[in-house]
Amino acid sequence: MKKQNLETICIQSGWKPKKGEPRVLPIYQSTTFKYDDSEQMARLFDLEDEGYFYTRLQNPTNDAVASKICELEGGAAAMLTSSGQAANFYAIYNICSAGDHIVSSAPIYGGTSNLFTVTMKKMGIDVTLVDPDAPAEEIAKAFQPNTKALFAETISNPSLVVLDIEKFAELAHSHGVPLIVDNTFATPINCRPFEFGADIVTHSTTKYMDGHALTVGGCIVDSGNFDWMAHADKFPGLTTPDESYHGIVYAERFGKKAYITKATAQLMRDLGSIQSPQNAFLLNIGLETLHLRMPRHCENAQKVAEYLESNENVAWVDYPGLKSSKYYDLAQKYMPNGTCGVVAFGLKGGKDFAIRFMDHLKLACIVTHVADARTCVLHPASHTHRQLSEEQLVEAGVRPDLIRFSVGIENAEDIIADIEQAINAAEKN
Ligand code: PLP
């Protein structure tokens, strides 16, 4: 059968019921799975057979949802994780250990930046942050002999930097390492990074994929395209025997599924950041409408961004769909149908005016969350990025007055009316 379109995959992919089975993806609310004899179970523990034995490693509900996201991204294998943080940590830690190094784009989500620059540093994994807009020759200087991955976000949170994926893929490959792209903001509806050379994609499924602010979750998808054996010295975890599984060599045994099999068999086994099947079930319901929600988020965000540009109290607006955006051309290349629903802007009154404006909003709520069906707002310098110094804020592309406005799927006129009344009210007090 011809490859299905994204809309059909959103609805139909993942759970494929056989005769007499439930039409809707069931929640396999069971920690464990039964076998008839000891030998059957032993083969699972040796990775000789595929099958479920303990939900910390794999669960049918989770696997159905992971396989839907895998198909949306055009990947070879995928796994769910308990959060986007866990997804990014596992994506790196699966191929890095103490003494290794990664290169990452500097403008990324504050939590990921913290993970890389503080927590992973303590684990002995070093990071060099680079300006993604710098020429390739400049970025190339950040690579070292022990570099194991290049990391970036398709559209950065909250600075909305659009990644030149092909430039990054070439940089990664010319240094013998995979490009890992966090595709949370664009979602596979708007961008499929594998089509431009990325090797591994991560998601905070907490955001648009769930879409209703119900569940925290993450996902890692592997394209299966990176040739681990061609760089065997760099990736011994995939290319030499794993003694904890009787000497299996993942890259030899599992081919295009090697990276995800290793992450499941080792990292889930030992660190256990699973998504609960109940959450995976809810995530699946969100995924069924992702293809309807994303265009509406983008359409509304475009209208909000254009309105903000025309308002004299607004100092600046960043939205990759605006012709004035530095990233307009890159966005047209990689996301011609739209980018995301998040708009960043600053008000002329600066930080104090921004806080007053936010306090006067009625429809838009102040929440930590972003990429929800409901319009929400946040001041990163006071909230998500408050642990960063002024210097680090600049490096992360977060201006002190930046307001992150996550446009929902309500009526755009109502969202704009809310912004207008809040700006007017903030002017008065
Ligand atoms: N990646 C991006 C781009 C994010 O925006 C976030 C959270 O905001 C994360 C990862 C972390 O995801 P989670 O909150 O699900 O752990």
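1. Terms first. Helices (H or I, at least four residues) and strands (E, at least two) are DSSP runs, numbered from the N terminus. The model is predicted: local features need pLDDT of at least 70, side-chain atom pairs count only at pLDDT 80 or more, and totals for chains, interfaces and linings use all residues. Residues are numbered from 1 along each chain as its sequence is written, and side-chain values use heavy atoms, with hydrogens and water left out.

2. The seven-stranded sheet. An open sheet of seven strands runs in the order S1-S7-S6-S5-S4-S2-S3, with mixed pairing. Two strands pair if DSSP finds at least two bridges between them. S1 and S3 are the edge strands, and each pairs on one side only. From one strand to the next the twist averages 20 degrees. Axes here are lines fitted to C-alpha atoms, for helices over the stretch in contact, and angles run from 0 to 180 degrees between N-to-C directions.

3. Strand S6 (residues 200–204) and strand S7 (residues 218–222) run antiparallel and are joined by five bridges. Ser204 stands opposite Gly218 in S7.

4. Contact means heavy atoms within 4.5 Å. Helix H7 (residues 165–174) lies across S2, S3, S4 and strand S5 (179–182), at about 175 degrees to S4.

5. The five-stranded sheet. This open sheet has the order S8-S9-S12-S11-S10, again with mixed pairing. Strand S8 (314–318) and strand S10 (365–366) stand at the edges with a single partner strand each, so one side of each has no neighbour in the sheet. S8 pairs with strand S9 (residues 342–347) in the antiparallel sense, over four bridges. Phe345 in S9 is the bridge partner of Val317. Helix H15 (residues 350–360) lies across S9, S10, strand S11 (376–378) and strand S12 (403–406), running at about 125 degrees to S9.

6. Asp133 is in the loop between strand S3 (126–130) and helix H6 (136–140), and Lys326 is in the loop between S8 and helix H14 (328–334), 193 residues apart.

7. The largest pocket. A pocket is an open set of points on a 1 Å grid over the protein atoms alone, with protein on both sides within 12 Å along at least five of seven lines; a cavity is a set where a 1.4 Å probe fits but cannot get out, and lining residues have an atom within 4 Å of a point. Grid points are joined across faces, edges and corners, and a volume is the space filled by probe spheres set on the points. The largest pocket holds about 800 Å³. Its lining has 29 residues, with Glu50, Gln58, Asp63, Thr261 and Thr264 nearest the centre. Helix H3 (60–73), strand S1 (77–81) and helix H11 (258–271) each give two or more residues to the lining.

8. Two backbone points to check. Most residues other than glycine have a negative phi, and most peptide bonds are trans. A cis peptide bond joins Asn157 and Pro158, with omega about 5 degrees. Pro158 is in the loop between S4 and H7. Thr187, in helix H8 (residues 187–190), has a positive phi near 60 degrees.
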